[in-house]
Amino acid sequence: MSRTLEREEPNYFGAGPAALPTSVLQQAAYDLVNYNGIGLGIGEISHRSGPAGEVIDNTKANFKKLLDIPDTHEVFFLQGGGTTGFSSVATNLLASFVKKTGHKGKGAYAITGSWSKKAHEEASRLGVETQVLTDSKKAYGAFGKIQPVSEWVKPDPKETAYVYFCDNETVNGVEFKDVPQFEGIEIAADMSSNFLSRKIDVSKYGLILAGAQKNVGLAGLTVYIIKKTLLEQASDDELKALNAPLSPIAFHYPTVVKNNSAYNTIPIFTLHILNLVLENLIEAGGLKAQQEINERKAKKLYDALDAYPELYNLPVDKTVRSNMNVVFTINGEGLEAKFLKESTEKNLTGLKGHRSVGGMRASLYNAVSERSVDLLVDFVKEFAEANK
């Protein structure tokens, strides 16, 4: 079989790892062999070398440009994904609160789907005292709606180190449309599955984390944007005196930032791909342009599914439907299997829902083209007409 860097554009709707722009992968393939003519591939150079430092600095600069990140915030990178992210948030932000107040405080959680539920469970397992501000499943019987913030339990600013929420629940297809705000309390958001899909106001957040493998890169790297004041943390001795959990040194935010994300061996090839994605986004018009495309893609698919309510069931309330992860089930015995079989035959792949909830899931990340969505929309309509 002949080898080539060309490929037919995939119509892939998997939830992650997700598709990347072909042009990014092609450039990365060349750079993996010989990066900028230095005679070594990007994955072979030292993470503390000059070229690696340039990749780190350029990627940070492109993030600041795309997101208009204010000087009050810092960008850094860690190995891992969303799970590493929410695990490290709990201990790091608790240490910041101890530094500020002299006592432990607690983490407050909005549970709106599978991933925020896991984040809350992990914080509790690590020994962080927690408070649940809202639990969609308890409030409505299932994940698929978000209580208005006015109905949440009100956290005490004197006792609350942070409020944590998952901005887009990949499994359950729920997305926040506004940022919950509580005076005097830092907001921490997991944006792993909708990061760089739309414009945001970074100043509203104390911390943003995002696993790269959805919209911006390969698995194995997590992006963090943190308010610089939160890098001021209590010492290990101060935390131990309060019986507060410590952060592993590789995920200790002040240490990582001090070493420009290279305290340990950062996956520099993965970071380079992330930077290529950012350059691609900037060249295509930035987040304003990308948001318009993503909103258009989501509307097309939701409209097609809504047109056949007898066949397609959409469990998420219209006010919080995700633009990234469209979840639905199909009424009728055997029809979901038939839908997957026939869609695969048309090269529309990655549509099977998460194993915990079943059904279908079409993930419309940045690299999923509008043409791919149009093909899926056509199939959704054809399948409905054929299975009335």
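## Largest pocket

The largest pocket is lined by 29 residues, of which Pro-21, Asn-280, Asn-366, Ala-367 and Val-368 lie nearest its centre. Five elements, strand 1 (11–12), helix 1 (22–33), helix 8 (268–283), helix 9 (286–306) and helix 11 (370–386), each give two or more residues to that lining. Helix 9 supplies the largest share, 5 residues. The volume is about 500 Å³. The structure is a predicted model: local features need pLDDT of at least 70, side-chain atom pairs count only at pLDDT 80 or more, and totals for chains, interfaces and linings use all residues. Residues are numbered from 1 along each chain as its sequence is written, and side-chain values use heavy atoms, with hydrogens and water left out.

By type, the pocket lining splits into 13 nonpolar, 10 polar and 6 charged residues. (Nonpolar covers Ala, Val, Leu, Ile, Met, Phe, Trp, Tyr, Cys and Pro; charged covers Asp, Glu, Lys and Arg; the others, Gly among them, are polar.) Domain 1 (33–282) and domain 2 (286–386) each contribute at least three residues to the lining. Those bounds come from an automatic or database domain assignment.

## Cavity

A search of the whole structure gives 1 cavity of 30 Å³ or more. The largest cavity holds about 40 Å³ of space. Its lining consists of Phe-77, Leu-78, Gln-79, Val-256, Ser-261, Ala-262, Tyr-263, Asn-264 and Ile-266. Strand 2 (residues 73–79) provides the largest share, 3 residues. The cavity lining has 6 nonpolar residues, 3 polar and no charged.

Both terms rest on a 1 Å grid over the protein atoms alone: in a cavity a 1.4 Å probe fits but cannot get out, while a pocket is an open set of points with protein on both sides within 12 Å along at least five of seven lines, and lining residues have an atom within 4 Å of a point. Grid points are joined across faces, edges and corners, and volume is the space filled by probe spheres set on the points.

## Strand 3 and its partners

Strand 3 (residues 106–111) runs parallel to strand 4 (residues 130–135), joined by 5 bridges. Ala-108 stands opposite Gln-131, and Ala-110 has Thr-134 as its bridge partner. Strand 3 also pairs with strand 5 (residues 160–166), again parallel, over 4 bridges. There, Gly-107 is partnered by Tyr-162. Strands pair if DSSP finds at least two bridges between them. Strands (E, at least two residues) and helices (H or I, at least four) are DSSP runs, numbered from the N terminus.

Strand 3, helix 4 (residues 114–125) and strand 4 form a right-handed β-α-β unit.

Three strands form an open antiparallel sheet in the order 11-12-14. Strand 11 (312–313) and strand 14 (360–363) are the edges, each pairing on one side only. Strand 12 (residues 325–330) pairs with strand 14 over 4 bridges. Val-327 stands opposite Arg-361 in strand 14.

Asn-58 sits in helix 2 (residues 50–67). Asn-58 is partly exposed, at 42% relative accessible area. Asn-58 and Asn-275 are 217 residues apart in sequence, but 7.4 Å apart in space, C-alpha to C-alpha.

Notes: Right-handed = clockwise from strand over helix to strand, strands pointing away. Buried < 20%, exposed > 50% of the residue type's maximum accessible area, 1.4 Å probe, protein only.
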